[in-house]
Amino acid sequence: MTARSSDVRIVVAPARFSDWPALLALLRSSYAYMESRIDPPSSLLQMDVGQLEQKAREEVLILALADRRLVGCAFACLRDDSIYVGKLAVDAAYRGRGVARGIMQAVETIARAHARAFIELETRIELVENHETFAALGFRKVGESSHPGFDRPTSIRMRKPVPA
């Protein structure tokens with residue numbers, strides 16, 4: 001499946017994708033700003049290309065491409081009543097241009113196709129600007145959680161109903 005978001009093409013479950021190093025580089029550069037702000041560190045720091053490739057076999061990989069350049073991504077994981085979105089990233093040069101919205105529209109399409117009522121995600125408690133971005137996309141906070149070993153909330157869970 002392919003959809004367009006301005007000059008960016010959104011591709012769901014690309015059959016021939018093989019540039020795992022570029023995907024890892026996109027994720028790491030997109031998440032770099034949070035390194036000094038979040039505790040514990042992102043699990044992304046421990047991931048390698050093989051783990052990303054495995055993740056794409058277990059979940060639905062969504063890519064955002066400008067021409068052939070990778071400018072955004074996310075993984076969608078089917079759960080009992082929802083789709084969990086993880087590792088959402090948009091290249092800094094493409095932020096504010098509807099790329100995340102286009103990726104989330106693709107997730108909604110997947111959710112409807114699999115009769116899932118909600119889309120869920122987690123974002124770190126410290127990243128207030130992410131909370132605001134997700135709220136603007138229709139997500140609402142539904143809970144908090146703590147990483148192992150922490151006695152305080154380290155992330156919030158957000159949920160969005162899937163429109164019919």
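The mean positions of the 23 positive and 20 negative charges of the protein lie 5 Å apart. Here Lys and Arg count as positive and Asp and Glu as negative, while His and the chain ends are left out; the place of a charge is NZ of Lys, CZ of Arg, CG of Asp or CD of Glu. The model is predicted: local features need pLDDT of at least 70, side-chain atom pairs count only at pLDDT 80 or more, and totals for chains, interfaces and linings use all residues. Residues are numbered from 1 along each chain as its sequence is written, and side-chain values use heavy atoms, without hydrogens and water.

The protein has four helices and eight strands. Both kinds of element are DSSP runs numbered from the N terminus, helices being H or I with at least four residues and strands E with at least two. Read from the N terminus, the order is β-β-α-α-β-β-β-α-β-α-β-β.

Next comes the overall form. The C-alpha trace spans about 45 × 35 × 30 Å along its principal axes. The radius of gyration of the protein is 15 Å, which agrees with the value near 15 Å for a compact globule of 164 residues. This radius is taken over C-alpha atoms, and the globule rule is 2.2 Å times the number of residues to the power 0.38.

Of the 164 residues, 45% are buried. Buried means under 20% relative accessible area, exposed means over 50%, and partly exposed lies in between (1.4 Å probe, protein chains only). A contact means heavy atoms within 4.5 Å. Among contacts between residues at least 6 apart in sequence, 62% join residues at least 24 apart.

The largest nonpolar core has 30 residues, of which V8, I62, I103, M104, F134 and F139 touch the most other members. Such a core is a set of buried Ala, Val, Leu, Ile, Met, Phe, Trp, Tyr and Cys residues joined through side-chain atoms within 4.5 Å. Elements giving two or more residues to this core include strand 2 (8-12), strand 3 (60-66), helix 3 (99-113) and strand 8 (155-161). Helix 3 supplies the largest share of this core, eight residues. Leaving aside residues up to four places away in sequence, F139 touches M104, I119, E120, L121, F134, M158, R159 and K160. A second, separate core holds 21 residues, among them F17, M34, L52 and L70.

Some single residues complete the picture. D91 is found in the loop between strand 5 and helix 3. D91 counts as buried because its relative accessibility is 14%. Beyond residues up to four places away in sequence, D91 touches L26, S30, R69 and V71.

Most residues other than glycine have a negative phi, and most peptide bonds are trans. D39 and P40 are joined by a cis peptide bond, with omega about 10 degrees. P40 sits in the loop between helix 1 (20-31) and helix 2 (49-58). D67, in the loop between strand 3 and strand 4, has a positive phi near 60 degrees. K87, in strand 5, also has a positive phi, near 50 degrees. D67 counts as exposed because its relative accessibility is 70%, whereas K87 counts as buried because its relative accessibility is 16%.
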